[in-house]
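Morning, everyone. I'll take the ligand site, then the metal. Please have the structure open.

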Amino acid sequence: MRSLVILGATGSIGCNTLDVVAMHPQLYQVLGLTGATQVEKLFSQIQQFNPRYAVMTDAQAAHQLRQLVKEAGLPTEVWSGAQALCDLAAHPDADIVMAAIVGAAGLLPTLAAVEQGKTVLLANKEALVMSGELFINKVQQHGATLLPIDSEHNAIFQCLPAQLQQNTATQKLADFGISKLLLTGSGGPFLRKALSEFAHITPAQAVAHPNWVMGQKISVDSATMMNKGLEFIEARWLFNCAADDIQVVIHPQSIIHSMVQYTDGSVLAQLGQPDMRTPIAHALAYPQRIQTNVKPLNFFELADFSFSKPEPERYPNLYLAIAACGYGQGATTALNAANEIAVAAFLAGQISFTDIARLNQAALGRFATVKAPDLESILDLDQQARAYVHDQLKKVS
Ligand code: NDP
Ligand code: MG
């Protein structure tokens with residue numbers, strides 16, 4: 001029986017994780033769950049999984065949850081505040097921590113789990129994008145086990161030799177005969193939309209992903225392909241490779257979740273339904289396999305597979321992220337922060353879809369060469385980039 005903490009339990013990844021856990025009560029025990037705003041949802045998860053701890057970051061929301069828990073006569077302790085997320089992630093009784101908070105808010109709790117040498121299931125890609133080398137160094141230093149949840153990185157991981165899986169962050173891909181990581185992406189809902197219509201794209205259109213059901217922020221990131229850009233940076237750190245070792249390939253059917261090309265001409269791919277329960281179950285059970293409710297692939301029902309190169313005019317955010325990856329830590333931290341603010345402004349109806357890339361580009365231009373070698377400077381730069389974009393927003397709107 002392994003004990004599990006889910007950071008971001010009320011989100012899309014959190015709910016999918018609980019769905020897998022519910023199928024295997026003999027394998028996993030829920031120690032703690034966290035949410036930010038969705039009190040009712042967290043309460044119903046508490047009723048079902050009976051965790052020892054729950055965290056609502058917001059004090060008011062925590063107060064409401066505490067009342068509900070008390071009235072229901074449940075034993076769950078409810079904590080609040082950002083520090084409580086770190087305390088729960090670092091709890092001595094936690095074996096596995098699912099890092100599924102969205103955005104930079106997930107960085108410190110995820111690092112807290114890493115620093116206690118936990119098995120960390122990483123969905124929160126922004127944490128790694130922000131802190132790259134520092135994050136990976138901490139994983140090594142504290143003997144944590146890092147398993148990717150992002151479907152592409154999980155696919156790549158599954159296509160690596162077992163010996164390389166033992167430590168992907170420090171060994172060299174070339175030593176295992178690997179020549180390229182092929183990162184696939186669907187191209188999102190606007191793969192074939194006329195570029196002239198992009199300025200009029202609404203938030204509702206942008207969050208309607210053709211293949212995946214996800215949280216709002218990552219859905220917008222998928223539409224701009226910033227998501228693939230963040231994944232490019234994520235792959236660079238998870239698999240210890242250079243930008244030249246990664247190729248982004250558009251595959252609109254989202255059945256091949258990514259591939260690894262070997263020097264002998266072989267390409268290994270991981271395939272499956274676009275359903276996050278597969279990578280979640282893989283990482284939860286690794287190196288075993290457990291059952292999920294995911295429908296098996298039926299090759300006789302699949303549409304033809306197609307592949308293309310992402311067009312720079314359609315996906316400027318992807319190319320900004322690849323450029324940031326080349327500049328280094330400061331650039332990726334600033335771009336991630338800028339994008340969070342820009343996406344939130346777009347979702348709030350303050351700016352247009354095409355303004356997202358404009359703001360991201362401005363922030364990258366401003367901060368690309370800033371050095372951010374330690375946690376303090378990373379957090380400081382994150383704040384500076386957010387403030388910069390807020391200033392720019394006043395000029396746009
Ligand atoms: P959601 O928006 O659905 O969920 C986000 C979770 O984080 C919720 O539990 C939310 O709480 C919590 N949260 C939000 N803001 C804060 C904050 N400031 N402090 C603490 N908790 C907070 O996102 P997803 O589940 O879609 O994504 C989570 C992460 O996983 C992201 O980094 C995303 O990129 C990554 N990912 C997601 C995939 C997917 O299929 N959804 C696929 C691959 C990666 P509440 O809801 O209570 O407000
Ligand atoms: Mg992904």
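**Two sites in one model**

Start at glycine 11: one of its backbone N or O atoms sits 3.1 Å from an oxygen atom of ligand 1. Keep in mind that this is a predicted model.

Alanine 123 also uses its backbone, with an N or O atom 3.4 Å from a ligand 1 oxygen. Glutamine 38 uses its side chain instead: an N or O atom there is 2.7 Å from an oxygen atom of ligand 1.

How much of ligand 1 does the protein cover? On its own, ligand 1 has 890 Å² of accessible area, and the protein covers 85% of that.

Now the shell. There are 25 residues around ligand 1, and those that come nearest are Thr10, Ala36, Thr37, Gln38 and Glu126. By type, the shell has twelve nonpolar residues, ten polar and three charged. Helix H1 (12-22) and helix H6 (125-142) are the elements that give it two or more residues.

Where does ligand 1 lie relative to the domains? Domain 1 (2-148) and domain 2 (173-273 + 310-395) both contribute to the shell, so ligand 1 lies between them.

On to the metal. Ligand 2 is a magnesium ion, coordinated by Asp150 (OD), Glu152 (OE) and Glu231 (OE) at 2.1 to 2.2 Å. Along the chain, the donors are spaced D-x1-E-x78-E. Aspartate 150 is in the loop between strand S7 (145-148) and helix H7 (151-158). Glutamate 231 is in helix H11 (residues 226-238), 81 residues apart from aspartate 150.

Are those two buried or exposed? Aspartate 150 is buried, because its relative accessible area is 7% and the cut-off is under 20%. Glutamate 231 counts as buried too, at 1%.

Note on methods: Residues are numbered from 1 along each chain as its sequence is written. Chains are lettered from A and ligands numbered from 1 in the order in which they are written. This is a predicted model: local features need pLDDT of at least 70, side-chain atom pairs count only at pLDDT 80 or more; totals for chains, interfaces and linings use all residues. Side-chain values use heavy atoms; hydrogens and water are left out. Donors are N, O and S atoms within 2.8 Å of the metal (3.2 Å for Na, K and Ca); water is not among the atoms, so sites may look incomplete. Helices (H or I, at least four residues) and strands (E, at least two) are DSSP runs, numbered from the N terminus. Buried means under 20% relative accessible area, exposed over 50%, partly exposed in between (1.4 Å probe, protein chains only). A residue is near a molecule or strand if one of its heavy atoms lies within 4 Å of it. A polar contact is a pair of N or O atoms within 3.5 Å; within protein, one must be able to donate a hydrogen and the other to accept it, and residues adjacent in sequence count only if both atoms are side-chain atoms. Accessible areas come from the Shrake-Rupley method with a 1.4 Å probe; for residues, only the protein chains shown count as cover. Ala, Val, Leu, Ile, Met, Phe, Trp, Tyr, Cys and Pro count as nonpolar, Asp, Glu, Lys and Arg as charged, and the others, Gly among them, as polar. Domain bounds come from an automatic or database domain assignment.
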